[in-house]
Amino acid sequence: MAAFWWIVHKDLVSEFRSRSAWPAMLLLGIVVALLFSVQMDLLPEHKRQIVGGLLWLSVFFAGATVFERSFAAERQDGCWDAMQLLPVSPSTVFFAKLTVNVLALAVLEGLLIPLFFVLSDLPLMAHAHQLALIGLLASPALAAVGTLVSALAPGAGKSGSLLVLVVLPLVFPVMLAAAECTRLALENRIDDAWWRWIQLLGVCAVVFVTAGMLLFEYAIED
Amino acid sequence: MRRWLVELCVAGLLAAALLAASFLAPTESTMGHAQRIVYVHVPVAWLGLLAFLAMAGSGLGYLARRDLKWDHWFQAAGEVGWLCCGLTLVTGSLWAHKAWGTWWEWDPRLTAAFILWAIYSGVLLVRAGIEDPHRRARVGAVLAILGALDVPLVVMATRWFRGLHPVAPEMAPLMRVTLLVSVVGFTVFFGWLVCRRREQLGLESMTAELRRQMEG
């Protein structure tokens, strides 16, 4: 457990000092949200249909920049070799990296949800607790796939840049469920359908985090 | 001689499937001859799913044994599965145009089939760019196992979310027989394709090894 907190602390301090990944993620999120908002010159009922999808797509695209860098810094100056020498299980490293990525997504969502509220003029903040539940379930699922796939990048060599082609279809159920939950919440329809999508988000989070924990050992063999 | 017999059986079963779909099955009253697409669509959709499970199973086999023979099964199943998944989308689209009046609908099962095809394509593309065979096998195995988690969503999607896609529609007895013959015929044919491709990959691997030994 100490090793877990040590890695989380190290990554957060490193990010705080270098400010390399998170500001880029936040900036990309803002730019993507602004570009999407250009397409939202619609009637409120039409905006409600699409704003969820645009919000979670912005979260994914901006979050992907942080996932990509999860292991990039470790590969410099032999940091990764040093970490592998430590008596730390691969699953501990995975959970530490996952935690940092989930924190990054939480910060991103904390910025983008109010931004979409301003840009779309829809009552997103009136559904803050429902959006928080969606984010609580969607973030670990997105981050688990992103963390695992970014760990494969060094082994994939030239194909590392193509890995994002696999990530988006893999997280599609998460994106769809999060977008549908947001749409239903905005339409004040917290009914069986809403809970079914929430259940799907929960299942995705459990499945992807468990798979990430079990497969991470094989992903980092290089 | 033995291979010759196997190939004859495969060709016979495939011919039986195609002949049954064309002549044995009665013409459906609403959709007419267009309904016969089902006799290709259902088998290739089933094979697309089966091949993905075979890929994930081969990936697990490789991770457990570190033997490239498992990776040859992986690649062969992946290529054939990708083809089946693509055919599922094309035949589904043709059927949808006649049945629903649109080439494409964001029905959950159609969407899931498309996502499965996208994952297949991504995994095969990523693998194609990795030269080291063991790295290629490992990266492919991890991605395919993760991708196989999408398969239950494909199967459950219609039941969970009630889309447009028909679930076990009513069929005349002869239609059911034809569908069964088609599923068996196509499964045997694509199984044979996977075996032949796997043999070819084994020979390629052996040739590459011999070349390395001669050069090095």
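Visitor: Before we start, when do two residues count as in contact?
Guide: Two residues are in contact if their C-beta atoms, placed from the backbone, lie within 7 Å.

Visitor: And what kind of model is this?
Guide: This is a predicted model: local features need pLDDT of at least 70, side-chain atom pairs count only at pLDDT 80 or more, and totals for chains, interfaces and linings use all residues. Residues are numbered from 1 along each chain as its sequence is written, while chains are lettered from A and ligands numbered from 1 in the order in which they are written.

Visitor: Start with Gly135(A). What does it touch, leaving aside neighbours within four places in sequence?
Guide: Ala106(A) and Glu109(A).

Visitor: Where is Gly135(A) placed?
Guide: In helix H6 of chain A. Helices (H or I, at least four residues) and strands (E, at least two) are DSSP runs, numbered from the N terminus.

Visitor: Is Gly135(A) buried or exposed?
Guide: Gly135(A) counts as buried because it has 23 C-beta neighbours inside 10 Å. The cut-offs: buried means 20 or more other C-beta atoms within 10 Å of a residue's own, exposed means 12 or fewer, and partly exposed is in between; C-beta atoms are placed from the backbone.

Visitor: How far is Gly110(A) from Gly135(A)?
Guide: Their C-alpha atoms are separated by 9.7 Å. Along the chain they are 25 residues apart.

Visitor: Now H6(A) and H8(A). How do their axes cross?
Guide: At roughly 175°, and the axes come within 10 Å. Axes are lines fitted to C-alpha atoms, for helices over the stretch in contact, and angles run from 0 to 180 degrees between N-to-C directions. The two helices are therefore roughly antiparallel to each other. Under 35 degrees is roughly parallel, over 145 roughly antiparallel, 65 to 115 roughly perpendicular, and the rest oblique.

Visitor: Which residues meet there?
Guide: From H6(A), the list includes Leu131(A), Ile134(A) and Ala138(A). From H8(A), Val174(A), Ala178(A) and Cys181(A) are among them. By class, this contact of H6(A) with H8(A) has 9 nonpolar, 2 polar and no charged residues. Nonpolar covers Ala, Val, Leu, Ile, Met, Phe, Trp, Tyr, Cys and Pro; charged covers Asp, Glu, Lys and Arg; the others, Gly among them, are polar.

Visitor: What about H8(A) itself?
Guide: H8(A) is mostly covered, with 14 of its 15 residues buried. Just after H8(A), Asn188(A) takes a positive phi of about 55°.

Visitor: And Ala178(A), what is it in contact with?
Guide: Trp56(A), Ile134(A), Ala138(A) and Leu201(A), leaving aside neighbours within four places in sequence. Ala178(A) is also among the residues with the most contacts inside the largest nonpolar core, which has 125 residues. H6(A) gives the largest share of this core, 15 residues. Such a core is a set of buried Ala, Val, Leu, Ile, Met, Phe, Trp, Tyr and Cys residues joined through C-beta atoms within 7 Å.

Visitor: Switch to chain B. How many helices and strands?
Guide: Chain B has 7 helices and 0 strands. Buried residues make up 37% of its 216 residues.

Visitor: How many residues of chain B touch chain A?
Guide: 21 residues of chain B are in contact with 23 of chain A. H5(B) supplies the largest share of the chain B side, 8 residues. That side divides into 16 nonpolar, 3 polar and 2 charged.
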